[in-house]
Amino acid sequence: MACPFSRHPASEMLHRQHSIAEGAGWNLDEDLSEIPDDALTLTHLNAAIQLLTAPSNEDVYEALMSLIDKQRNRWPALERLRTDRNALHIYPHYDYLADVQDNLNRIDESSASEILILLGNELIHTACVGIIERAFKCLGSNLQEFLGSLDGVYDVLKLQEEDISDTGFVCAGEGELIFTSERPVLAWLLLGCLQALSRLLFNYEPPIEMEPLDGDVPRYRYLFKLDDFEEQVVPIVSDSRVPGKLRESVSSDTKDLKMDNDFFCKAFPWHFIMDENLNLVQVGQGFSRLFKNYMATSGLSACTYFRFKRPRGLSLRFREIVRRTNTPFMISLRAPPGRPDFFAKGLEIKGQMVFCPESNSLLFVGSPFLDGLEGLTCNGLFISDIPLHDATREVILVGEQARAQDGLRRRMDKLKSSIEEANAAVTKERKKNVNLLQLMFPEDIAEKLWLGAQIDAKTYSDVTMLFSDIVGFTSICSRATPFMVINMLECLYKHFDELCGFFDVYKVETIGDAYCVASGLHRASIYDAHKVAWMALRMIETCSLYNTHDGQHIRMRIGIHTGTVLTGVVGRKMPRYCLFGHNVTIANKFESGSEACKINCSPTTKEWLIKHPGYNFQLQPRDPSCMPKEFSEAKGLPCYFLEGYKHPTVNDDATLQEHIEAAMKQSLLDSNETIVIEEQK
């Protein structure tokens with residue numbers, strides 16, 4: 001059959017909408033830690049209502065799998081909707097219900113609405129169990145009471161959640177429920193849920209008709225045919241004339257059930273009655289004591305004395321109020337005209353609006369919305385103004401006891417805050433110490449030092465080392481003041497330190513003009529030699545940005561070598577992390593054999609640089625006589641000058657920094673690492 005929502009102006013046929021609730025999470029102010037696990041709370045009631053308005057992906061999945069098992073013979077194509085449960089957890093905001101809707105339209109568009117109704121049935125059968133079923137049962141003893149409670153309870157839950165969406169229920173009359181939602185798929189699902197709940201809770205299956213309503217916000221009316229479901233209530237009143245026998249009522253004539261107006265106004269001091277024009281016909285003693293001196297001059301219009309705060313967006317017309325009699329009302333008192341200093345201004349009264357068809361009037365019965373004696377007295381009220389039957393009395397008195405407990409709790413919280421602040425200060429200082437250690441040592445070594453653990457010497461293979469020094473440094477020192485020399489080195493080495501962070505290499509030490517780094521110690525990678533080579537190129541480039549005291553560019557020579565080294569922490573006072581071994585000496589010799597503004601590269605490092613394709617280092621072989629004599633593994637191989645680097649994916653006219661940054665990105669993608677690109681200088 002065709003979808004009736006196709007004619008609705010605010011929607012299209014089963015138009016895809018989000019099924020994930022976007023409101024704030026449900027929070028309770030009270031501490032539920034001492035409530036037994038099987039105790040029914042407002043949290044459970046909220047979960048039950050959300051099963052109708054925003055079912056979770058898990059609940060929809062369970063219902064769908066059950067539906068497929070039951071209807072596989074009728075709709076074999078439903079098997080295509082089977083999916084892995086784990087897929088629901090991959091994305092936290094996955095809209096599973098919308099996917100089900102789209103797939104149903106593709107499988108059998110003519111039966112999509114019928115399948116969604118059956119899915120609603122299965123949703124109740126699979127999810128409405130245990131405490132959730134009890135939560136639904138507490139809404140009413142019959143179907144009509146259940147529908148009315150959906151209206152009132154959901155309104156309270158939305159207020160607790162600070163939910164400002166238009167989703168909601170309105171019980172507009174006998175057997176009539178209006179559901180507001182921007183998602184037609186939920187309207188079909190709700191129809192099936194209501195059918196299943198009627199069977200489950202009341203063992204009753206009334207025919208339910210659903211139709212869309214016109215308006216700016218999509219609304220849907222559900223009409224229940226309750227003609228054959230009239231529950232007979234027999235009052236239990238003892239008949240004194242016949243011992244042990246019960247009679248149905250005191251009298252069958254309503255004229256015998258008389259109640260004096262004064263008695264009614266005294267028993268219910270916070271009530272009023274309005275006629276069709278919203279004029280006050282009768283008020284209780286509480287309202288009378290506050291307003292009786294002003295009604296003769298200010299009139300009897302209810303809007304003069306009361307502001308209707310809830311339900312939200314209520315139109316102050318008699319018929320509109322009648323339609324909302326299943327919703328809790330919250331009114332606040334207005335100051336009478338000419339009395340801006342009215343002491344009870346703003347006092348909130350929470351209660352219920354009742355339609356009286358006999359007199360075509362509205363009866364409001366409520367009580368002051370207060371939580372303590374201070375709120376009572378500041379509004380000019382007394383304990384005697386709250387009738388004995390009103391639970392507000394208990395709320396006020398218990399609230400005072402709770403305030404004393406809150407005072408003790410606040411003092412304990414203040415002490416707790418002081419302790420937490422002290423712990424935070426200690427943690428902050430500890431973090432400073434750890435950060436200082438991590439600046440001096442590799443991370444794993446710093447952690448062991450902080451914990452006081454023993455640090456054993458360790459051998460690392462394929463470590464690429466870089467040694468550098470400034471050409472003519474002794475001459476520079478002889479012509480410049482110590483302050484000039486230190487300032488020059490500070491500026492230069494500060495830039496080098498930033499390069500260490502960018503290339504993720506470890507700075508071993510600086511001695512005078514010598515700057516030494518290594519890669520492959522704290523975090524091994526197949527691109528350790530590449531990182532050191534790139535850093536060497538950037539160091540040579542950086543030297544051109546700084547001048548000596550006499551205006552000459554700083555010239556540096558660099559040597560790099562790859563091999564096995566031994567590492568360890570030496571010393572008790574001012575301990576140092578040192579590198580030992582023959583290869584450390586060889587790396588230093590390659591630096592000594594280099595030339596100004598050149599990078600002398602060993603054969604072992606060269607092999608690592610060309611080992612992985614896609615990285616184009618410009619290497620110029622040198623005369624074999626330039627090889628350090630201590631490097632016995634040379635066997636006639638030359639050393640190399642590293643002249644530059646060009647990355648295949650970057651234009652040749654791009655800067656060295658752009659080529660290296662592209663290469664770093666590529667190497668980190670290949671090794672599944674991350675990087676923060678260095679800012680352009």
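Visitor: Which residues does Glu591 touch, not counting residues up to four places away in sequence?

Guide: Contact means heavy atoms within 4.5 Å. By that rule Glu591 touches Phe467, Ser468, Asp469, Arg557, Ile558 and Gly559. This is a predicted model, in which local features need pLDDT of at least 70 and side-chain atom pairs count only at pLDDT 80 or more, while totals for chains, interfaces and linings use all residues. Residues are numbered from 1 along each chain as its sequence is written, and side-chain values use heavy atoms, with hydrogens and water left out.

Visitor: Is Glu591 buried or exposed?

Guide: Buried means under 20% relative accessible area, exposed over 50%, and partly exposed in between (1.4 Å probe, protein chains only). Glu591 has a relative accessible area of 5%, so Glu591 is buried. Its place is in helix α19 (residues 582–592); helices (H or I, at least four residues) and strands (E, at least two) are DSSP runs, numbered from the N terminus.

Visitor: How should the span of helix α4 be read?

Guide: The expected span of a helix is 1.5 Å times one less than its number of residues. For the 16 residues of α4 (residues 112–127) that gives 22 Å, and the end C-alpha atoms are 22 Å apart, which agrees. Twelve of the 16 residues of α4 are buried, including Leu119, Asn121 and Glu122.

Visitor: Which residues touch the most other members of the largest nonpolar core?

Guide: In soluble globular proteins, nonpolar side chains tend to be buried together. A nonpolar core is a set of buried Ala, Val, Leu, Ile, Met, Phe, Trp, Tyr and Cys residues joined through side-chain atoms within 4.5 Å. The largest core here has 63 residues, and those touching the most other members are Leu52, Leu119, Phe136, Phe146, Phe169, Tyr222 and Phe224. Helix α7 (residues 184–202) supplies the largest share of this core, 13 residues. Apart from this core lies another, of 46 residues, among them Leu489, Phe502, Val505 and Val532.

Visitor: Where is there a cis peptide bond?

Guide: A cis peptide bond joins Arg310 and Pro311, with omega about 5 degrees. Pro311 lies in the loop between β9 (306–310) and α12 (318–323).

Visitor: What is phi of Asn360, and what is phi of Asp504?

Guide: Phi of Asn360 is near 50 degrees, a positive value in a residue other than glycine. Asn360 sits in the loop between β11 (348–356) and β12 (361–368). Phi of Asp504 is near 55 degrees, also positive in a residue other than glycine. Asp504 is in the loop between α17 (482–503) and β14 (506–511).
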